[in-house]
Amino acid sequence: MGLMGYYIIGGLVMLVSMYVSNKLKSKFKHYSKIHLRNGMSGAEIAQKMLEDNGITDVKIISVKGQLTDHYNPANKTVNLSDVVYSQRNAAAAAVAAHEVGHAIQHATAYSWLGMRSKLVPVVSIASRFSQWVIIGGITLAATTQFGNTLLLIGILMYATGTLFSFITLPVEYDASNRALAWLEGNNMLTREEHEGAKDALKWAARTYLVAAVGSLATLLYFLSIYLGRRD
């Protein structure tokens, strides 16, 4: 039942993730039809927010793909997908302001962002191997003590990814709060536009929440297997 339970949990998490992801895409498609009255593009929104916060060393660049927007603290760039960079709607404004929110976090040494950045090298390695180590541990635990040790090592590796997922939550929610506060405080959007931006960011945040909860559920399941085998 060890691996079977893992596949069941993984399947459930995948279904919920697909639902939230599809909902997010539909929301952004809907709010992409709400054109900004101020006529500003996502790139222009991002540039103004940077300037208003006194940040002059961050570049805004356009990247390929959909929902590929991100802030890169290594080279201080706000990376906006093609549609967000050039379009002039509520969805583009929300995403652009959110990514600048991360740039502001970086500029102000936001503690949660610093913690997440420090975990990136560890998580990048652990996430690639943890599940294989766990599967190997479960397979071998039935016959050798080494299997239990291997399982525990895999669980500890997987736990770093779970920790990373939960540290990501305040980082993402804070960036959205900064974005919405700036958009509203500077009267960048009409009431309808602001509500659209708020709703879009709410669904974007839920993708991170689902990932964190799913990772925790899987971690607890693996831990229960390990504790059960010890008994």
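K76 is placed in the loop between β2 (70-72) and β3, where strands, like helices, are DSSP runs numbered from the N terminus (E, at least two residues, for strands; H or I, at least four, for helices). Although K76 is not a glycine, its phi is positive, at about 55°. With a relative accessible area of 31%, K76 is partly exposed, a class that lies between buried, under 20% relative accessible area, and exposed, over 50% (1.4 Å probe, protein chains only). Most residues other than glycine have a negative phi. A positive phi, of about 50°, also belongs to N187, again not a glycine; N187 is found in the loop between α6 and α7 and is exposed, with a relative accessible area of 66%.

The model is a predicted one, in which local features need pLDDT of at least 70 and side-chain atom pairs count only at pLDDT 80 or more, while totals for chains, interfaces and linings use all residues. Residues are numbered from 1 along each chain as its sequence is written, and side-chain values use heavy atoms, with hydrogens and water left out.

Taken as a whole, the protein has 7 helices and 3 strands, and along the sequence these follow the pattern α-α-β-β-β-α-α-α-α-α. The C-alpha trace spans about 70 × 35 × 30 Å along its principal axes. The accessible surface comes to about 12,200 Å², and 61% of this belongs to carbon and sulfur atoms, the areas coming from the Shrake-Rupley method with a 1.4 Å probe and, for residues, with only the protein chains shown counting as cover. Of the 231 residues, 45% are buried. Among contacts (heavy atoms within 4.5 Å) between residues at least 6 apart in sequence, 72% join residues at least 24 apart.

The interior can be followed through its nonpolar cores, each a set of buried Ala, Val, Leu, Ile, Met, Phe, Trp, Tyr and Cys residues joined through side-chain atoms within 4.5 Å. The largest of them has 42 residues, of which I45 and V78 touch the most other members. At least two residues of this core come from each of α1, α2 (42-52), β3 (77-81), α4 (90-107), α6 and α7, and α4 gives the most, with 11 residues. When residues up to four places away in sequence are not counted, I45 touches L36, N38, M40, A93, A96, A97, W182, L183 and M188. Apart from this core lies another, of 11 residues, which includes I9, Y158, L219 and F222.

The loop between α1 and α2 holds S41, which is buried, with a relative accessible area of 6%. Leaving aside neighbours within four places in sequence, S41 is in contact with Y85, S86, Q87 and R88.

A search of the whole structure finds 3 aromatic pairs, a pair being two rings of Phe, Tyr or Trp (its six-membered ring) with centres within 6.5 Å, and with planes under 30 degrees apart counted as stacked, over 60 as edge-to-face and the rest as tilted. Y19 and W203 form one that is edge-to-face, at 6.4 Å centre to centre and 70° between the planes. Because Y19 lies in helix α1 (residues 2-31) and W203 in helix α7 (residues 191-230), this pair ties together parts that are 184 residues apart in sequence. W203 counts as buried, at 9% relative accessibility. The rings of Y158 and F222 are also edge-to-face, with centres 5.7 Å apart and planes at 85°; Y158 lies in helix α6 (residues 145-185) and F222 in helix α7, so that the pair links distant parts of the chain, 64 residues apart. Both partners are buried, Y158 with a relative accessible area of 12% and F222 at 2%. Together with Y221, Y158 and F222 form one aromatic cluster.

Two rings also carry a charge over the face, which requires NZ of Lys or CZ of Arg within 6 Å of the ring centre and within 35 degrees of the ring normal. The charged end of R206 sits over the ring of W203, 4.4 Å from its centre, and R178 lies over the face of Y110, at 5.5 Å from the ring centre.

Helix α5 (residues 111-141) has a kink of about 45° at V120, shortly before the proline P121, the bend at a residue being the angle between axes fitted to the seven residues ending there and the seven starting there. The buried residues of α5 include L113, R116, L119, V123, A126 and S130, as well as V133, I134, G137, I138 and A141. An α-helix has 3.6 residues a turn, so residues three or four places apart point the same way.
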